[in-house]
2 protein chains.
Amino acid sequence: MLFGALEAGGTKMVMAVGDEKGNILEQKSLPTLTPEETVPELLSYFSKKEICALGIGAFGPVDVNPQSKSFGHILDTPKLAWKNYNLYGAFQEKLGIPIGFDTDVNSSCLGEITFGQAGNLNSVVYLTIGTGIGAGIYVNGKLLHGMLHPEGGHIMITRHPEDSFEGCCPYHGGCLEGMAAGPAIEKRWGKRAAELEQESAVWELEAYYIAQALTNYILILSPEKIILGGGVMHQKQLFPLIREQVKKMLNGYINTKEISSLDQYIVPASLKDNQGILGCLQLAKLEYEQQVKYVQ
Amino acid sequence: MLFGALEAGGTKMVMAVGDEKGNILEQKSLPTLTPEETVPELLSYFSKKEICALGIGAFGPVDVNPQSKSFGHILDTPKLAWKNYNLYGAFQEKLGIPIGFDTDVNSSCLGEITFGQAGNLNSVVYLTIGTGIGAGIYVNGKLLHGMLHPEGGHIMITRHPEDSFEGCCPYHGGCLEGMAAGPAIEKRWGKRAAELEQESAVWELEAYYIAQALTNYILILSPEKIILGGGVMHQKQLFPLIREQVKKMLNGYINTKEISSLDQYIVPASLKDNQGILGCLQLAKLEYEQQVKYVQ
Ligand SMILES: Nc1ncnc2c1ncn2[C@@H]1O[C@H](COP(=O)(O)OP(=O)(O)O)[C@@H](O)[C@H]1O
Ligand SMILES: Nc1ncnc2c1ncn2[C@@H]1O[C@H](COP(=O)(O)OP(=O)(O)O)[C@@H](O)[C@H]1O
Ligand SMILES: [Zn+2]
Ligand SMILES: [Zn+2]
């Protein structure tokens, strides 16, 4: 049985066809231009495939509430050509197959849970730190939705006393994304993040901000595992620094086996940057199963 | 059909018997002394009642994972006589009826969802601000559990530039609880919170800290409603101040119908301080239904 997967990112679209075991049979990508330019190419790709369902993980904010009139629409995005675009509807209309729909980061979280290291866990936070910062959250055995979906990249954090950078989030200035995403690193230090590898002060400070966010996620969500992905997390030296800071910030307040082995608790993504597309594949499968169950 | 409810708080134990519609038929309370002194009285009370199940909402941290060996135990608490005490086990052994078990704040959250204003919602945050600060969280249609349960009262926040109070949490100093619970207000201003009612600077600052926490809960959990209870929230002038600050902190980033009507989004508890005991009643009912379903 074959499923389609579409990781609809702000800069590129990744399309794939795979099976229910997470084997990707083919994969292709396109730059994200306007809906008029990009969507027809995506539709033409998937309509030629023998897929039973499609899973879409989209850049946000998106409406993920199936009861809502604007379900599957991109909402208030700075990418103006996509604002209020009915992404789900475009595929639904043309393909007429079950379509699972969620955010890109929720999909990555699901990818890790289904095919990666977080299998069998009930509650997982997936954080991507790249051009932006986004959180995918799985709790009580499901991806988290509510009024909307998690926007955990924009939480408030405290500026380090020796950091004079004001932050670069257009909404919040010094929120987590404004202080710690790739562009913030570049603005603060005047070089691309990858070129700063040898500068230990850069990664100490970066770990301080990421650890504040993780500490709050731990205290609010009590996840069983935290997975960190995205371009910035290619700097592997961040992991021990983050774990050390989280330990310091929790300061003995939470006593669980997970917290006593932070090496296994705060971990890198394990699917070689395929967690997103694999999560989309699983979204397709889950939606297919749900609709089949409903029909029977 | 009658159910028992026990709100096991750090300072007092509230016992009640009620029906499945949330009618409390009788209620009684006792001070919380040691387990040896207090538990026999509780057991003797409930063993004389014709109840089909009992619901316990306990002060934490507690083990709420039914798969765990220490399920239903009080964990690492400053109330040393209760540390590692098997609260669930004591009732299970003596009463031999289904027992639902959760934290006191999760129970209050469930009380509001079942019998209060948050009925039919899928995701709700209940925050109590009293002697301590605790968060009960309901998401994806269930109370939130994970590695442990939410400990959202201890999240990190940013000190106001004009506030020189260091905070009084024994673990974190200036976490939310350390800066904004009743005892923090008293320490900072030198008077009991209730006596400061006329001092607008007190409530401006209090709202600033509470709003930081709510902003982060909103960004992480995307709840459909936030309910505030506990002694400090008897200061009703806090509500407009908190809403104003939350609006400022989100700064237009989240555009939903909920956020555009904060008066209905951030609200006082509606059950006259009975949300906790009513939630325990519902815990009993849910556990009863679950066990009956399992037997059939
Ligand atoms: N090896 C690296 N080390 C540090 N930062 C990196 C590295 N590779 C990419 N980045 C940063 O990550 C960001 C891109 O993130 P990425 O996750 O690859 O894409 P996106 O977030 O756009 O999907 C850029 O800001 C870039 O500077
Ligand atoms: N009317 C009030 N206004 C402000 N603070 C109050 C008021 N009533 C109680 N408090 C504060 O709330 C705290 C007690 O909280 P409460 O929720 O009643 O109990 P607990 O948290 O112990 O269960 C105390 O610190 C007290 O100063
Ligand atoms: Zn922001
Ligand atoms: Zn604390």
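In the predicted model, the zinc ion (ligand 4) has four protein donors: His154(B) (ND1), Cys169(B) (SG), His172(B) (ND1) and Cys175(B) (SG). These donors lie 2.1 to 2.3 Å from the metal. The angles among the four donor atoms run from 103 to 118°, and the site is tetrahedral. Along the sequence, the donor residues of the zinc ion (ligand 4) are spaced H-x14-C-x2-H-x2-C. His154(B) and His172(B) are 18 residues apart and link distant parts of the chain. Both histidines sit in the loop between β8 (142-143) and α4 (176-180) of chain B. His154(B) is buried, as is His172(B).

Chain A supplies the donors of the zinc ion (ligand 3). The donor atoms around the zinc ion (ligand 3) subtend angles of 102 to 118°, so the arrangement is tetrahedral. The spacing of these donors along the chain is H-x14-C-x2-H-x2-C. His154(A) and His172(A) each lie in the loop between β8 (142-143) and α4 (176-180) of chain A, so the pair ties together parts that are 18 residues apart in sequence.

Definitions and conventions. Residues are numbered from 1 along each chain as its sequence is written. Chains are lettered from A and ligands numbered from 1 in the order in which they are written. This is a predicted model: local features need pLDDT of at least 70, side-chain atom pairs count only at pLDDT 80 or more; totals for chains, interfaces and linings use all residues. Side-chain values use heavy atoms; hydrogens and water are left out. Donors are N, O and S atoms within 2.8 Å of the metal (3.2 Å for Na, K and Ca); water is not among the atoms, so sites may look incomplete. Four donors count as tetrahedral if all angles lie between 85 and 135 degrees; four count as square planar and six as octahedral if opposite donors are over 155 degrees apart and all others between 65 and 115; anything else is irregular. Helices (H or I, at least four residues) and strands (E, at least two) are DSSP runs, numbered from the N terminus. Buried means under 20% relative accessible area, exposed over 50%, partly exposed in between (1.4 Å probe, protein chains only).
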